[in-house]
Amino acid sequence: MTDSYEVFKEKVFQLTKINLNAYKERQMKRRIDSLIAKHGYTSYISYVEALKKDRKQLEEFINYLTINVSEFYRNPEQWTLLESLIMPEILKKSPSPKIWSAACSTGDEPYSLVMLLSKFMQLNRIHILATDIDKQVIAKAKLGLYTSKSLKGLPQEFLKKYFQQITPTTFQISEDIKRCVEFKEHDLLKDAYPTNYDLIVCRNVLIYFTEEAKNDIYRKFNGALRQDGILFVGSTEQIIQPQSLGFKSFRSFFYRKA
């Protein structure tokens, strides 16, 4: 590209309010350059002008920025710990816990949370808030169709109980599970955070952000939790100095609000 990526970032922010400075630049620039080349544009400016005029291209661009790699019960040993230790402790204090699945992607995570909670309570008592910046993945989540690949880590008891096989490799999640999740658009970088949550789950997303943006999000998560609330992060996202962000380490990948 012959023109300035810095100018492009400014224009994208004006257009979408997405701050590309918060993402690791080399990785994000490579993704954007690939998308621009795919559409045959020769400069950042010509591409951003096209985004202003073409809503479909703009939605594709926003979708492309978000890293939508998701699966049910990703890192199963962590879900086992959530079921055996974390959730029973939360339920002692909050019989109807408030749970937020942040950056929920295609819904694998919030639906996994509902199924796990179904071992402790009736479905009609379960409500999960699930948010993501990308309305296309939220639409996919609401549809509830999944491939066998994304379901490979899910306990068989849940697969049999809550899914209907549509094709040899495609499964539809039950309406009973879908009713337990409220999906909303939310930008972790700029939108207001909800409050008084017992558990926030945000996994395998913050690795794409700069350290400054990451720490800002962790502080906001801290403010969104109740006292002693738990933050559950991804297997590559351990917080190095949790106390500086208002947390104390509880178990690997689980942090308690201090």
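Visitor: What volume does the largest pocket have, and which residues are the closest to its centre?

Guide: In general, rolling a probe the size of a water molecule over the atoms shows where empty space is left. In this predicted model, the largest pocket has a volume of about 290 Å³. Its lining consists of 18 residues, and those closest to the centre are Thr-16, Ile-18, Ile-62, Ile-133 and Glu-185.

Visitor: Which elements give two or more residues to the lining of the largest pocket?

Guide: They are α1 (5-16), α4 (55-65) and α7 (135-143), and α4 gives the most, with 5 residues. By class, the lining of this pocket divides into 9 charged, 5 nonpolar and 4 polar residues.

Visitor: At what angle do α1 and α2 pack?

Guide: Two packed helices are described by the angle between their axes and the distance between the axes. For α1 and helix α2 (residues 25-38), the angle is about 80° and the axes lie 13 Å apart, which makes α1 roughly perpendicular to α2. On the α1 side the contact is made by Tyr-5, Glu-6, Phe-8 and Lys-9, and on the α2 side by Glu-25, Met-28, Lys-29 and Ile-32; these residues divide into 4 nonpolar and 4 charged, with no polar ones.

Visitor: How do I read the pair α5 and α6, and is their crossing left-handed or right-handed?

Guide: Helix α5 (residues 76-93) packs with helix α6 (residues 108-117) at an angle of about 50°, their axes being 11 Å apart, and therefore α5 is oblique to α6. The crossing of these two helices is right-handed. Trp-79, Leu-82, Glu-83 and Met-87 of α5 meet Glu-109, Ser-112, Leu-113, Leu-116 and Leu-117 of α6, a contact with 6 nonpolar, 1 polar and 2 charged residues.

Notes
Residues numbered from 1 in each chain as written. Predicted model: local features only at pLDDT ≥ 70, side-chain atom pairs only at ≥ 80, totals over all residues. Heavy atoms only, no water. Axes fitted to C-alpha atoms, helices over the stretch in contact; angles between N-to-C directions. Helix = DSSP H or I, 4+ residues; strand = E, 2+ residues; numbered from the N terminus. Parallel < 35°, antiparallel > 145°, perpendicular 65-115°, else oblique. Left-handed = near helix turned anticlockwise from the far one by under 90°. Contact = heavy atoms within 4.5 Å. Nonpolar A, V, L, I, M, F, W, Y, C, P; charged D, E, K, R; others polar. 1 Å grid on protein atoms, 1.4 Å probe; cavity = no way out; pocket = protein on both sides within 12 Å on 5 of 7 lines; lining within 4 Å. Points joined across faces, edges and corners; volume = space filled by probe spheres on them.
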